[in-house]
Amino acid sequence: MKCKDIEKLISEYIDGELEKPINDLIKEHIKICEKCLSLFESLEKTIFLSKKIYKKKSVPKVISKRIYHQIEIKFKK
Amino acid sequence: MSEQQLIERAKKGDTKAFEELMKRTQTNIYNLGFRLLGNKEDAADLMQDTYIKAYENLDKFEGRSSFSTWLYRIATNNALMKLRKEKNKNISIDEIKKIGDKDYKIEISDWYENPSLYFKSNELKQQLQEAIDSLPPKYKSVFILHDIEELPISEVAKILSLSIPAVKTRIHRSRMFLREKISEYIKKHGN
């Protein structure tokens, strides 16, 4: 497997979406190829950093009350 | 009470049952809105539009997907409509394809071993946020649903009515684009 092929499949490798034989080929390749290891690690870090930006927020109570109230008025039989 | 029982009751006009469904799903819908649209006012409006539309169309929900996938679909479509109206601030699809598909360079020594160190200052955080916000809507929605909301690729495909290969391509190109933006930051500011 060539570096160009690895690049096309690297996101699927990160996501665990590949069949085992292809997965194993990539796993072996990145052990010996610094360029593809770099791509793999930097993409993993990109995902990690992106996740860190978005902390889970709770819904302000006033908003959920407002929405429920609107549904009740609009649809109450 | 199970989700199915609540849906059946809500279909018969029981707004209390719908309120319970809302309570169980609202954090995900609000956060999706916040992540796609970038502020709490738009997130609240999106949440309101989503639940009203869901209640209006509850009789059309046949349970072929989960209730939360169905809500995600309504919310994402609403958000995409809004994002497309603001498309002037997005990078072009050609640009993201070019970055996503080009040959990459070796930069192993440039990246910190521990990526948390990048957020010592807020500058990179802000730049990365801007880069995510500049993704074309059809890439941003896939990236947020999969990499941030952590929904499986198959579910993202259902929510957006896309093929699985199309979802995978968009995820890969978005990641390559964001990686490039972080690399540019590192080159400019050093480690």
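Buried area, as the term is used in these legends, is the accessible area, taken with a 1.4 Å probe, that two parts lose on being put together, summed over both. Every view is drawn from a predicted model.

**View 1. The interface between domain 1 and domain 2 of chain B.** Chain B is divided into domain 1, which spans residues 1–101, and domain 2, which spans residues 104–191. The C-alpha centres of domain 1 of chain B and domain 2 of chain B lie 22 Å apart, and 22 residues of domain 1 of chain B are in contact with 24 residues of domain 2 of chain B. Between domain 1 of chain B and domain 2 of chain B the buried area is about 2200 Å², and carbon and sulfur atoms give 67% of this area. Of the area that domain 1 of chain B buries against domain 2 of chain B, 26% is supplied by B:R35, B:I96 and B:I99, which is more than any other three residues supply.

**View 2. Helices α1 and α2 of chain B.** Helix α1 (residues 3–11) of chain B and helix α2 (residues 15–37) of chain B have axes that come within 8 Å and cross at roughly 135°, an angle that makes α1(B) oblique to α2(B). The crossing in which α1(B) passes α2(B) is left-handed. On the side of α1(B) the residues are B:E3, B:L6, B:I7, B:R9 and B:A10, and these meet B:A17, B:F18, B:E20, B:L21 and B:R24 in α2(B). Divided by class, the residues of the contact of α1(B) with α2(B) are 6 nonpolar and 4 charged, with no polar residue.

**View 3. Helices α6 and α9 of chain B.** The axes of helix α6 (residues 122–133) of chain B and helix α9 (residues 164–189) of chain B cross at roughly 150° and come within 10 Å. Because angles over 145 degrees count as roughly antiparallel, α6(B) and α9(B) are described as roughly antiparallel to each other. The crossing of α6(B) and α9(B) is right-handed. From α6(B), the contact is made by B:E123, B:L124, B:Q127, B:L128, B:A131 and B:I132, and from α9(B) by B:F177, B:L178, B:K181, B:I182, B:Y185 and B:H189. The contact of α6(B) with α9(B) has 8 nonpolar residues, along with 2 polar and 2 charged ones.

**View 4. Helices α2 and α3 of chain A.** In chain A, helix α2 (residues 20–32) and helix α3 (residues 34–53) pack with their axes 6 Å apart and at an angle of about 110°, and α2(A) and α3(A) are therefore roughly perpendicular to each other. The crossing in which α2(A) passes α3(A) is left-handed. The contact is made by A:H29, A:I30 and A:I32 of α2(A) together with A:E34, A:C36, A:L37 and A:F40 of α3(A). The residues of the contact of α2(A) with α3(A) comprise 5 nonpolar, 1 polar and 1 charged.

Key
Residues numbered from 1 in each chain as written. Chains lettered and ligands numbered in written order. Predicted model: local features only at pLDDT ≥ 70, side-chain atom pairs only at ≥ 80, totals over all residues. Heavy atoms only, no water. Axes fitted to C-alpha atoms, helices over the stretch in contact; angles between N-to-C directions. Helix = DSSP H or I, 4+ residues; strand = E, 2+ residues; numbered from the N terminus. Parallel < 35°, antiparallel > 145°, perpendicular 65-115°, else oblique. Left-handed = near helix turned anticlockwise from the far one by under 90°. Contact = heavy atoms within 4.5 Å. Nonpolar A, V, L, I, M, F, W, Y, C, P; charged D, E, K, R; others polar. Domains from an automatic or database assignment.
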